[in-house]
Amino acid sequence: VVLLRQVRLFRDAAVAGNLARAAEAHLLAPSAVGEYVKRLESAVGFPLLERTSRGVRLTREGTQLLEEAEKVLDASDALDLCVRAVRSGEAGEVRVAFPDGCSGPALAAVTPHPRAVVSTPVPVGWTEDAARKLPDEADLALAWSPGGPSLVSVPVAVHRRVAVLSADDPLARLPDLTAEALAGHVFVTAGPAGPADAWGPHPLLASERLSVPGLREAQNALRRPGRVALLPEPLTLPTPAGLAVRPCLDAEPARLYLLSHAATRNPAARRIVHEHLAAGLVRGRAG
Amino acid sequence: MDLQDVHALCALDRLGHFGRAAAELGVAQPALSQRIARIEREAGTPVFARSSRGVTSTATGALLIRRAADVLGAVADWEAAARRCRAPSDQGLRLAGPWGLVDPAAAQLLPPEPAGLALSAVGAALGAAEASAVAVLGPCPAGTRSVLRLEDVPLALLVADAAGAEAADDGRAYVGVVGFVEDPIGRFWRPGSADRVLLAETADELLYYVASGRACAVVPAGALGDRPGVREIPLAGRGHAPVHVVVRDGATDLEAQRARVAVRQSHALASRPLVASGG
């Protein structure tokens, strides 16, 4: 049976031309290195190194096998690097549950190593709370409000709000809107707690409010003048016919939170959360 | 991670079952489970998802298993290279020899080009590593050592078709390919009346001398096959020459062994059984 250690010591001794130097690098006695190489030689069935007065020299067969030895060791090093990357969270699968409409940019924002981390998006739709997918179905969740006590919540992004209202509404003709202008409107929110927060919270929501179960109902509700929804700006919401989208200048911005279960054992998820926490601390200090 | 870890990862991924993977690896199932558990501790995350139906790799595990498979591939290449070094038949041993001694029928072992190599070039061929071993008639050239003595290579007198059996003694010159001339003829067979020896560099040149009636030649019997204008007269009794397979003085025992095996195989392939004795 060939051992990787034997191959490594053979390679090192061949490159150094000297058992002692190879032994030094591995904190071994030269005789131990010789023993490893001897076992490798008996495994392959012929001598790989010739002992000379000044050290060791590759035999003809050893020269041919040295090239293969390098390839074996390269592959083995790549595997070890991969194990370390997985353990440190630089590589590995992260399942991210996210509310409809914030997939692309928001997901990219929470996975700082897009090349190394295998991200598995878990879309949850408008009426479901992404945080409920933790920890069984998802390692991380994106939400518009902080999670409960067993969850770690890190604010990761701030989004300006846009007003969505009926194209027939007189306000839809204005290029942008203020909170004051919207004061007499009925505020439409969709879904239970989580997604609803994407539509609020806002002091204006203290005025009359209409809660509907889902996005489709919200769109229908908004077709009547005098109703408005406030949504985070980057939401890639296809504007249905009959609706207008206008920037809302002084509405309170929406915060996107990254949630993880406090007990998550996924190293990649832990690393992503820690990096966002660290970035938040740096931002906080700078501010 | 060591190679056993690598084998364990790949086998479990491929078979999807701890019991079957353990059986294939020749280890006890608890030992395999412990090994996988240790790898998962090392990686800090599950590599396999266990269910009642069996075992499948997680997405993170797939990252590791892909690299583990790369290691196995590299190890397989290493082992194939080691096999090539051990087995001469797939190593492509380069064997040179005077033309006629190395049979082109053994082409998969012996590249056809060096088969006509002359004795004077033997040392050069070995030195330039054109050949790993050379078959020679007669004594070993300087700088080489014999690894195999092949006995009883029958020689034949090659004469012009029109000439009779008496041609050998009619005062004609003798011709041989360089290297055939000196020792085989000098030591084993020299017609008394040959007063002149021509040297031919190539088989065609030798054939030209013989067919044109200017010379006879001593060649290994049957080496030339049927050629128009010439015929062979077997040299019964004294017409035998030893053939040595030689390698460089510095060649390893393994190279010597490979040369011996390859020559024996080449003769077997060429259906020319030779009595051989180890050198």
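**View 1. Where chain B meets chain A.** The contact brings together 32 residues of chain B and 33 residues of chain A. Keep in mind as you look around that this is a predicted model. Between chain B and chain A, about 2,900 Å² of area is buried, and carbon and sulfur atoms give 69% of that area. On the chain B side, the residues that lose the most area to chain A are Met1(B), Trp78(B) and Cys85(B), which together make up 23% of what that side buries.

**View 2. Polar links across the interface.** If you go looking for salt bridges between chain B and chain A, the count is zero. Polar contacts do turn up: four residue pairs across the interface of chain B and chain A are found, with both residues of a pair at pLDDT 80 or more.

**View 3. The helices that build the chain B side.** Four helices of chain B, namely α1 (3–15), α3 (29–43), α4 (59–86) and α8 (253–269), each supply at least two residues of the side that touches chain A. The largest share comes from α4(B), with 16 residues. Sorted by kind, the residues on this side of chain B are 16 nonpolar, six polar and ten charged.

**View 4. Helix α3 of chain A crossing α4(B).** Here we look at helix α3 (residues 30–44) of chain A, whose axis comes within 10 Å of the axis of α4(B) and crosses it at roughly 70 degrees. That angle makes α3(A) roughly perpendicular to α4(B).

View 5. Helix α4 (residues 60–88) of chain A packs with α4(B) at an angle of about 170 degrees, and their axes are 9 Å apart. The two helices, α4(A) and α4(B), are therefore roughly antiparallel to each other. Their contact comprises 19 nonpolar, three polar and six charged residues.

**View 6. Two backbone details in loops of chain A.** The peptide bond from Leu134(A) to Pro135(A) is cis, and its omega is near -5 degrees. You will find Pro135(A) in the loop between β4 (117–123) and β5 (140–143) of chain A. The other stop is Leu27(A), in the loop between α2 (19–25) and α3 of chain A. Leu27(A) has a phi near 55 degrees, a positive value in a residue other than glycine.

Notes: Residues numbered from 1 in each chain as written. Chains lettered and ligands numbered in written order. Predicted model: local features only at pLDDT ≥ 70, side-chain atom pairs only at ≥ 80, totals over all residues. Heavy atoms only, no water. Contact = heavy atoms within 4.5 Å. Buried area = accessible area lost by both parts, 1.4 Å probe. Salt bridge = Lys/Arg side-chain N within 4 Å of Asp/Glu carboxyl O. Polar contact = N/O pair within 3.5 Å; in protein donor to acceptor, adjacent residues only side chain to side chain. Nonpolar A, V, L, I, M, F, W, Y, C, P; charged D, E, K, R; others polar. Axes fitted to C-alpha atoms, helices over the stretch in contact; angles between N-to-C directions. Parallel < 35°, antiparallel > 145°, perpendicular 65-115°, else oblique.
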